[in-house]
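Here is a note for a colleague who is opening this structure for the first time. The points below are meant to be read with the sequence and the model side by side.

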Amino acid sequence: MARSYSTVDLTTHPHPEVQLAARDAINGRTRGVRAILPFLGPAFIASIAYIDPGNFATNISAGAQFGYALLWVILLANLMAMLIQSLAAKLGIATGMNLAEICRARFPVWLCYILWLTQEVTAMATDLAEFLGASIGINLLTGMPVFGAALLTGLGVFLVLAVQGNGFLGLEAFIGSCALVIALCYVLETVLTGPDWGQVVYHSVVPSLPGTNAVILAVGIIGATVMPHVIYVHSSLTQGRVVPATEEEARRVFAFEKIDVVAAMGLAGLVNMAMLFMAARVFFEGGHADVASIHSAYETLAPLFGGMAAVVFGVSLVTSGVASSYVGTIAGQVVMQGFVNISIPIWLRRVVTMIPAFVAIYLGLDATRTLVISQVVLSFTLPFPVITLVLFTRDRELMGNLVNRRSTTALASVCAVLIVALNLVLLFQTFGGELPGLPA
């Protein structure tokens, strides 16, 4: 059931220029940066999920309460994300199908409908957090009421949807630009706040858990690392982007895509670390350890480091929310078409997935609590894509020469078990459970 290889007809591909450039790279006619460029993009779209508004809240809280101590957790979580996303990319390259389509081909119809419904709930829960985060950002920057900011956010996402008419290249350019804007915002925040680089380096590689709340935050950071929807999206983006003509070409395509994964996930990891050490420098060292929300972080930044620091923070939050909300919309399309072979207009999906966010804002629900509830939903649905991804990529009949090595499957299995287990722990703690043996 692996991909059937044949001569690639460049004239029928939606972006023949990408295929030509990629084939030059595969055949060694171009080298260096020029060879890598045709393969960059899919992982950058996936990476937006790793720097969404939920990450802002978790990283700020961790830095404010425990300083630099949990930087190693972000590094570990990012390494796990690199492995999982590389498997998602490899699945699309090897099979010519995305994860949802393979599930439909291999599982009974009733199971596919159940999986589809779980992932639709996931898409809506994810979008709730991201849409709410962007709305809060606009509210902080402009003073506009949150409901009005939500309307403006919705308009912004609809404008982004218009980019899709230009194919995946336009989308990759937009989402990649958003990732770079967020990264540049945190470069500027780093310059403005001046963290203790010795502490940054030390705590990035030396594990420590200074107290029960630190354990809870560490579980939250790792447990929510891999977003279910971007596994489906990433496999979809690579399934036909650069079409290999042989199994050997597929191996070379994957070698280039691994560079895309490392670059994009590495950038997301650095942004998350910057969020934490900015909070450590500003709030922990400044005696504001009680800062635990996006609102309080924004309000505290201005008097401590000037209005510029607060504005940069707000811009990065809005950019993150709009871009990640769009990726969530694409994920909904991928899982519906993949699992049950049904398609609806993307604007209609956008309207439907916005409804929970508007309801939450209209009812005046607590933003932080709403974000927590959305993460609980993700905890329930995460096991399905992670486990099926590992099972499929170890199947030689499906993957051909791109099948996992035993060591890769073992490492991915450990990551999958750890991610699922920590999500269960996070779920347990969210509902008031207490784990024995944790430091006081």
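Where is the place of Asn 341?

1. Asn 341 sits in the loop between α15 and α16, the latter covering residues 346-362. Although Asn 341 is not a glycine, its phi is positive, at about 55°. With a relative accessibility of 58%, this residue counts as exposed, because the cut-off for that class is over 50%. Please bear in mind here, and throughout the note, that the model is a predicted one.

2. On the overall make-up, the protein chain contains 20 helices and zero strands. Of its 440 residues, 58% count as buried.

3. As background, nonpolar side chains in soluble globular proteins tend to be buried together.

4. Phe 339 is buried, since its relative accessible area is 2% and the cut-off is under 20%. If neighbours within four places in sequence are set aside, Phe 339 is in contact with Ala 100, Cys 103, Arg 104, Cys 112, Leu 115, Trp 116, Gln 119 and Tyr 232. The C-alpha atom of Phe 339 is also 9.4 Å from that of Leu 117, although 222 residues separate the two along the chain.

5. Helix α7 deserves a point of its own. Its 34 residues should span 50 Å at 1.5 Å a residue, and this agrees with the 49 Å between its end C-alpha atoms. Because 24 of these 34 residues are buried, α7 is largely enclosed by the rest of the structure. Just after α7 comes Gly 143, which takes a positive phi of about 80°.

6. How do α7 and α12 meet, and at what angle do they pack? Helix α7, residues 109-142, and helix α12, residues 228-238, have axes 9 Å apart and pack at an angle of about 110°, which makes the two helices roughly perpendicular. On the α7 side the contact is made by Gln 119, Thr 122, Thr 126 and Glu 130, and on the α12 side by Pro 228, His 229 and Tyr 232. Sorted by class, this contact has two nonpolar, four polar and one charged residues.

7. Helix α12 is itself largely enclosed by the rest of the structure, because 10 of its 11 residues are buried. The buried residues of α12 are Pro 228, His 229, Val 230, Ile 231, Tyr 232, Val 233, His 234, Ser 235, Leu 237 and Thr 238.

8. A second pair of helices to inspect is α6, residues 99-106, and α18, residues 383-393, whose axes come within 11 Å and cross at roughly 75°. That angle makes α6 roughly perpendicular to α18. The contact is made by Leu 99, Ile 102, Cys 103 and Arg 106 of α6, together with Pro 385, Thr 388, Leu 389 and Phe 392 of α18. By class, the contact of α6 with α18 has six nonpolar, one polar and one charged residues.

9. Ala 150, in helix α8, residues 146-163, is buried with a relative accessible area of 0%. Beyond its neighbours within four places in sequence, Ala 150 is in contact with Phe 131, Ser 135, Phe 358 and Ile 361. The C-alpha atoms of Ala 150 and Phe 358 are separated by 7.1 Å, while the two residues are 208 apart along the chain. Ser 204, in helix α10, residues 197-205, is likewise buried, with a relative accessible area of 11%. Not counting residues up to four places away in sequence, Ser 204 touches Leu 71, Trp 72, Leu 75 and Met 273.

Note on methods. Residues numbered from 1 in each chain as written. Predicted model: local features only at pLDDT ≥ 70, side-chain atom pairs only at ≥ 80, totals over all residues. Heavy atoms only, no water. Axes fitted to C-alpha atoms, helices over the stretch in contact; angles between N-to-C directions. Helix = DSSP H or I, 4+ residues; strand = E, 2+ residues; numbered from the N terminus. Parallel < 35°, antiparallel > 145°, perpendicular 65-115°, else oblique. Contact = heavy atoms within 4.5 Å. Nonpolar A, V, L, I, M, F, W, Y, C, P; charged D, E, K, R; others polar. Expected span 1.5 Å × (residues − 1). Buried < 20%, exposed > 50% of the residue type's maximum accessible area, 1.4 Å probe, protein only.
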